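Good morning, and thank you for coming. Please have the sequence and the view open as I speak.

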There are 2 protein chains.
Amino acid sequence: MNASAQTHFLKPLFAPRSFALVGATDDTSRFAGKVLMRMLDFGYKGTVYPVHPRAGTVRGLPCYASVRDLPEAPDHVGVVVPAQHVMPVLEDCAARGARFVTVYTGGFNEAGSDEGRAGQAAIAALARRTGMRIMGPNCNGLVNFVDAFAITTSATIAGPRRAPGDRGVVAQSGGGGQVNTMWRAQQFGLGISYEVSCGNSADLNILDFIEFMVEDPATRVVMVLAEQIPDGRRLAEVARLAAEREKPIVMVKLGRTEAGSRAAQSHTGAVAASDVVCDAALRQYGIIRVDDTNELYETAMLLRTRRWPRGTRIGGMSVSGGNAVILTDLGAHLGASWPAYSARTQERMAEVLPKLASVGNPVDFTNAALGKPGIFQHCVEAIAGDENVDVVVPVFTMSPQSDVQQTVDAAARIDKPLALLWIGACNDNPDYTLQSVVAQGVPVYRNTLACLRAVRATMRYGAFLAAFKSGAAAPQRPASIDVVGARAKLDASRGKLTERLSKDILAAYGIPVTREALAADAAAAQRIARDIAQPVALKIESPDIPHKTEAGAIRLHVSGDEAVQRAFDEVSTAARRFKSDARIEGVRVQQMAAPGLELMIGLTIDSVFGPVVAVGLGGVHVEVLRDLAFRVAPVSHADAHAMLRELRAAKMLDGVRGAAPRDVEALCDLVVRVSWLGHDLRDRIAELDINPVLAYAAGEGAVAVDALIVEP
Amino acid sequence: MNASAQTHFLKPLFAPRSFALVGATDDTSRFAGKVLMRMLDFGYKGTVYPVHPRAGTVRGLPCYASVRDLPEAPDHVGVVVPAQHVMPVLEDCAARGARFVTVYTGGFNEAGSDEGRAGQAAIAALARRTGMRIMGPNCNGLVNFVDAFAITTSATIAGPRRAPGDRGVVAQSGGGGQVNTMWRAQQFGLGISYEVSCGNSADLNILDFIEFMVEDPATRVVMVLAEQIPDGRRLAEVARLAAEREKPIVMVKLGRTEAGSRAAQSHTGAVAASDVVCDAALRQYGIIRVDDTNELYETAMLLRTRRWPRGTRIGGMSVSGGNAVILTDLGAHLGASWPAYSARTQERMAEVLPKLASVGNPVDFTNAALGKPGIFQHCVEAIAGDENVDVVVPVFTMSPQSDVQQTVDAAARIDKPLALLWIGACNDNPDYTLQSVVAQGVPVYRNTLACLRAVRATMRYGAFLAAFKSGAAAPQRPASIDVVGARAKLDASRGKLTERLSKDILAAYGIPVTREALAADAAAAQRIARDIAQPVALKIESPDIPHKTEAGAIRLHVSGDEAVQRAFDEVSTAARRFKSDARIEGVRVQQMAAPGLELMIGLTIDSVFGPVVAVGLGGVHVEVLRDLAFRVAPVSHADAHAMLRELRAAKMLDGVRGAAPRDVEALCDLVVRVSWLGHDLRDRIAELDINPVLAYAAGEGAVAVDALIVEP
């Protein structure tokens, strides 16, 4: 990690002392001409070096024929030249000692051609080789409102420079970052610290920029529009840093669908990981995923107040009965609860609302509050003081300025998050608008669902932060894990892992497996059966008989010496009858597990996030309903609990149709151990599928009955 | 139905020749004073009669002491008096021959008191008795932009009267209808025909007002905010009328949650039906349900163009690559598809976009379109002409007026629905805004998800209308239904329906059931067993032994004369041993059905929608996952198919794990027959639960194994 509490390594990229532009021109209808015009209009005060083969002057500034000719090593160079000239220019930049380069030129990975991919690989290699860090290619630069530096063609920064705010924007896309997020937030009155549109990310990628904003004191919330997560482990690190700083990251992550992934591929060359895995990873890391770009700033508006709810209980008040119903219904639908106000709160509100028959939640003012000074302030403070309330939501429709402003004033005095829902407008002062409220730092929403989605996101972030700070979220390696033993067994497998060997490796990780052994003769089979819990199954062991059932060379539910003897003989006879020249290695005697609730626990190695553990109920739950929970490995015991709880069929674990509750603790232990197996052995395994795991009644454990590891 | 193609019976309520206001006052801080002021400001040209006990003049108009004193029978009377005076005033109105009354006064069902409920019941009774129709109580009147008549306190109509549009608004709530929907739509530039806030609906309810707007030529789309559906059958009739007229109804139906239902109860006294049933019924009737009030006008904006998509294929174009990715991903996520453009379309676009490497969908213009006149118009027409495209979605960010206006012009020339997504603003004319587009009748959206949700709603409505017009949606009574026989069996039950009697009633509806009969002796049992398919089950039949398994008085999987004889004896002996004085009526011999896929088919009589049929897979699918599909009975064969398809576990019907596909046709026939049973016998049954229904391989049918009818 290249981070320090003082100055992040990217600071000179965002606020260079000097900036050179290769391809500079006076012609503002051309890309480079537009970048230069916008930069100067935006008020950049550093040294500007236009670079163009024809030299002369550009915008009255002396122009240089090459970066190599510059009088000093520039902090930052912008490059607008045809794709085939990009590499020579980058070599020039490195030779002249430039620290950062932004490559605007397209025609690389997004082109989908071998030539394009080779070009991008060459850029990445140059950055690695020289240490000069590169943004782009195929990007549209950045905007820094804090230090008045902008290098982009975007018309969104035309006109007087807007005041900086404390929200950062990171995007690969130009339009998506600049128009959908930055400009739209500003239109709503929300200030931006930095915006970056980093394109294909041959070298510097969104994680570098997120990290910069998390480290930067000017930024409180980071809004991200991502077409791709470049590196799962790095994301985890950046997210941890953000959690330590209590700086939320809100993200639109594209690629929910195949069609979307293909579109991203042809836009910035982004390669998609599994979206269900990505979704789980973002939640695990406390990154708030939203669906559309407007939700980025809508959510950030509430998050930046840095008041973290302790739970999901809303305290509401409304000047409109109909809106009280809408708020209640949509809130409950999104998982919030509406606790009754405490007796003390009800009394405090009744003091100022004597006409009101009852004080419900949301409290519906109807006409009771009309024209009475101080009522809204009093009620917001009463509600915020209620120990049953985690978030305050006041609703206005067509309201006088003083009613709304009282609420805004009260919002500053309370210590709980408050989201103001203002459906209508001010009916006694047309100049008092939503922007007037925003300007005072109070989150204000136009639509109920948007308001409640932001509230829910903030509640979830509060819960994440609480778990993060408590340490409950930190995975702990369980006792009795024999990594060396497991690796030895993997080495011994020579690329052919059987069910037995897979279960041996599980056993090395302390995971209960059904017992079994190979018997050479009937007497041995009897000894083994006596040794392991009965009943047992007997199966022929022969490389020539892969399908034992078809051959009739399998007997189930066998108990007692005599029955074992008979089963041994029958299985052996059947095998010889099926294939007279079959090589027989013996008869496998396996413990038959008692019936239990069937689950599936799996591991995959995701190309972006690394080892990922999955759990679900067996059979149709996994195969048809895809009812699975995922986490990046390793996971904590609390994570494992949360995984089981988030299954749609979670109720099955509580025991249905008179069954006893299942041993959830034992299941969690299994999930945790499997996750460590994935973490430790991710270089040696591609997949692990334990199916079924049988879960018994609480206190009676769980056992892996069947397992198969697939090597890479 | 009180509807005619000419003038709906409610027209004088909305546009009375004369209006009297009881409680009229000059004091505009009071409710009635505000109503009067707004009405006069709004430009009402009819005769106004202020009514107040103190008479004199109000606003310069002669005031009458009582409605009885009016010089003519008024078309419409508004009533603003304390709750206890409402009934006497209504008696006066009826006596004077008023046609319509609006009661603003609250304190009725919404108060939750016996007194309030009695008061509301009295209002309803008076309306029934006199034929005078009443809106309210506890309401905030109506606004008629078509005829310039408004009777409400709402500040949303202050200032110059807005031009009428073709969207109607029906709400129970004042704020929800007037601010959230009407005013907000108008702020966006969308014109409104009528708005009504009908409150508790003692007599006239939302369905009357929806019907009025469906019948009225001024209205093309009806937007509804409903706290309650007053009458399911009436809703179906109004919805059918709307479908015939191709006038979509868009609805926010509150009461998704318990908390929301309780809130509605205390707001307008609304009583909730089951939300899953309501949701299914709305879909069945082609009513478009949305979540929040802003979605009402966002959806109506596209619907009112009355271009119905034939499918779910979007043709997109974007000036921003990032926005093309967002659009594609969210579109696919919502179920739309992105077909490749036809060769002809690609050629047509390539004519004007020679620089573009490839023409994808969405086509990403990048810089290829910059400054070229006519390109957007040409491309919209090319895309709309593509036979693979059902809906056109062009995306703009920061764009010149001419680019957007070309698209708007093209939208008028094509015959497919077009939704313009404009994330940014006009960069060469600040006066050219979203409202400029709206004013030209072209639907324009600010956010991708909102745009795509409206597109999806319009696609679904198109599919609904196509099915409606084809007649495939119309339920057909199947052959071989013996309603008289079924009723006779119900009559014979005398309130005690057994499994056997329930199955007899199913059989009368042509539903295959497992066969069974009662045997008095072993010889009879053998005869029965030979007669019906074996194996059979034998169970003691005794009113004194309800739990046969506990008594050991049941034998399963019995085949052959000898075994039947033995089972008969064993069951009889076990019964006598269990309870020596038990009354034994014989031994029931039942066909044991071959194993098949287990489903559940049920019927309930919903308090609002009447008989509702449900289907789901058996076991955990119903009990834990609540994976059920509902429809109001009776249903068509196509409905039954759709029900099975919408199950999350629908894939099970295709055959998983090597099982053959199930007999879906037979299952649909069962669902249809059960639905007719519900339709015909809804007065005689409260519930029917067939569980399990066993579905066999395609062509091999399905059978009801266990069934129980519960009488009301």
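**Salt bridges, symmetry and packing**

I begin with a single side chain: A:Arg256 counts as partly exposed, at a relative accessibility of 23%. Please bear in mind throughout that this is a predicted model.

With which residue does A:Arg256 form a salt bridge? Its partner is A:Asp275, and the closest N and O atoms of the two are 3.8 Å apart. A:Asp275 is buried, its relative accessible area being 15%.

Let me turn to chain B for two further pairs. In the first, the side chains of B:Arg17 and B:Asp75 meet in a salt bridge, with 3.0 Å from N to O. This pair links distant parts of the chain, 58 residues apart: B:Arg17 is in the loop between helix H1 (11-14) and strand S1 (18-22) of chain B, and B:Asp75 is in the loop between strand S4 (61-62) and strand S5 (76-79) of chain B. Are the two partners buried or exposed? B:Arg17 counts as exposed, at 54% relative accessibility, whereas B:Asp75 counts as buried, at 2%.

In the second pair, a salt bridge joins the side chains of B:Arg588 and B:Glu516, again with 3.0 Å from N to O. Here the link runs between strands of chain B: B:Arg588 is in strand S23 (residues 586-591) and B:Glu516 in strand S20 (residues 516-519), 72 residues apart. B:Arg588 is buried, with a relative accessible area of 5%.

Some salt bridges share partners, and in this way A:Arg256, A:Asp275, A:Asp279, A:Arg283, A:Arg289, A:Asp291, A:Arg631 and A:Glu646 are joined into one network. Over all chains, the structure holds 86 salt bridges.

I now come to how the two chains are arranged. Chain A is superposed on chain B by a rotation of 180 degrees with 0.0 Å of shift along its axis, and the RMSD is 0.3 Å. The two copies are thus related as by a two-fold rotation axis. Which C-alpha of chain A is nearest the axis? That of A:His621 is, at 4.8 Å from the axis.

Where the chains meet, 60 residues of chain A are in contact with 61 residues of chain B. Of the interface residues of chain A, 100% are also interface residues in chain B, so the copies meet through the same surface. The area buried between the two chains is about 4800 Å², and carbon and sulfur atoms give 64% of that area.

How many salt bridges are there between chain A and chain B? The count is 0. Polar contacts are found there, however: across the interface of chain A and chain B there are 20 residue pairs of this kind, both residues being at pLDDT 80 or more. Several elements give two or more residues to the side of chain A that touches chain B, among them helix H5 (174-187), helix H10 (293-303) and helix H16 (448-470) of chain A. The largest share of that side, 10 residues, comes from H11(A).

In helix H8 of chain B, residues 258-268, the buried residues are B:Ala259, B:Gly260, B:Ser261, B:Ala263, B:Ala264, B:His267 and B:Thr268. After H8(B) comes B:Gly269, whose phi is positive, near 70 degrees.

Helix H9 of chain B, residues 275-284, has 7 of its 10 residues buried, so this helix is largely enclosed by the rest of the structure. Those buried residues include B:Asp275, B:Val277, B:Cys278 and B:Leu282. H9(B) is followed by B:Gly286, and there too phi is positive, near 75 degrees.

In soluble globular proteins, nonpolar side chains tend to be buried together. In this model the largest nonpolar core has 191 residues, of which A:Leu420, A:Trp422, B:Leu420 and B:Trp422 touch the most other members. Apart from that core lies another, of 100 residues, among them A:Val613, A:Leu670, B:Ile481 and B:Val635.

How values were computed. Residues numbered from 1 in each chain as written. Chains lettered and ligands numbered in written order. Heavy atoms only, no water. Buried < 20%, exposed > 50% of the residue type's maximum accessible area, 1.4 Å probe, protein only. Helix = DSSP H or I, 4+ residues; strand = E, 2+ residues; numbered from the N terminus. Core = buried A, V, L, I, M, F, W, Y, C linked by side-chain atoms within 4.5 Å. Least-squares fit on C-alpha atoms with pLDDT ≥ 70 in both. Contact = heavy atoms within 4.5 Å. Buried area = accessible area lost by both parts, 1.4 Å probe. Salt bridge = Lys/Arg side-chain N within 4 Å of Asp/Glu carboxyl O. Polar contact = N/O pair within 3.5 Å; in protein donor to acceptor, adjacent residues only side chain to side chain.
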